[in-house]
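Visitor: Could you take me through one part of this model up close? I'd like to hear about the aromatic rings and the helices around them.

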Amino acid sequence: MQRRSNAYHISVLAVLMAIVIIQNIVPFFGYIPLPGLSITTIHVTVIIAAVVLGPRDGAIVGGIWGIIDWIRAFVAPTSALAPIVFTNPLISVVPRILIGVVAGWIFIWFQKRQHRTLGFTLAGVAGALTNTILVLGLIGLLYSHQAAGFYQINLSKLMPYLLAVVASNGVPEAILAGILTPLIGTPLLRFKKA
């Protein structure tokens, strides 16, 4: 029985890592580009890894996404701002790792209290918001002058602008994750127990 459980774990982890790689390579699959920013869907894969396999494996899948993002910032940036900010691993890697940690622990907390569906949903929302808030917050904190110049706005208006991006990007990404996480995670956990 333990051998089957380990095989399931390794198989799901490998598939989710492959999906993250594909989402980073195939245009419009992981990022939906818009002028000056892009809507991300990759965070859902990281969140699924965290709730199905645990925070450690969610962090691994998130770390793979972050490392790919970091490398892409040097060789094939996804936006004009990427070579400026995503070459810093604090912005490109750390928030992606923390998606898995936050989503995984939130799910564990709710699952122990017999609220699995709520745990799925809140883990999805929290994971998505972790990414959005950390990436944009760190851009505002570490690269405020460059970001203000890129977005062609006054430095004093950068934080309101980044908050608007949170509302226009982060909220839909969080809603998407809150809906998809229970829809994908529930059958994967059922199969794990079978």
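Guide: Let's start with W70 and F74: they sit four residues apart in helix α3 (residues 55-75), so about one helical turn separates them. Helices here are DSSP runs of H or I, at least four residues, numbered from the N terminus. Before going on, note that this is a predicted model, where local features need pLDDT of at least 70, side-chain atom pairs count only at pLDDT 80 or more, and totals for chains, interfaces and linings use all residues. Residues are numbered from 1 along each chain as its sequence is written, and side-chain values use heavy atoms, leaving out hydrogens and water.

The structure has three aromatic pairs. Rings of Phe, Tyr and Trp (its six-membered ring) pair if their centres lie within 6.5 Å; planes under 30 degrees apart are stacked, over 60 edge-to-face, the rest tilted. With centres 5.3 Å apart and planes at 85°, W70 and F74 are therefore edge-to-face. W70 is partly exposed, at 30% relative accessible area (buried is under 20%, exposed over 50%, partly exposed in between, with a 1.4 Å probe and protein chains only).

Another pair, F107 and F120, is tilted: 4.6 Å between centres, 35° between planes. This one links distant parts of the chain, 13 residues apart, with F107 in helix α6 (residues 94-112) and F120 in helix α7 (residues 116-142).

Terms used. Helix = DSSP H or I, 4+ residues; strand = E, 2+ residues; numbered from the N terminus.
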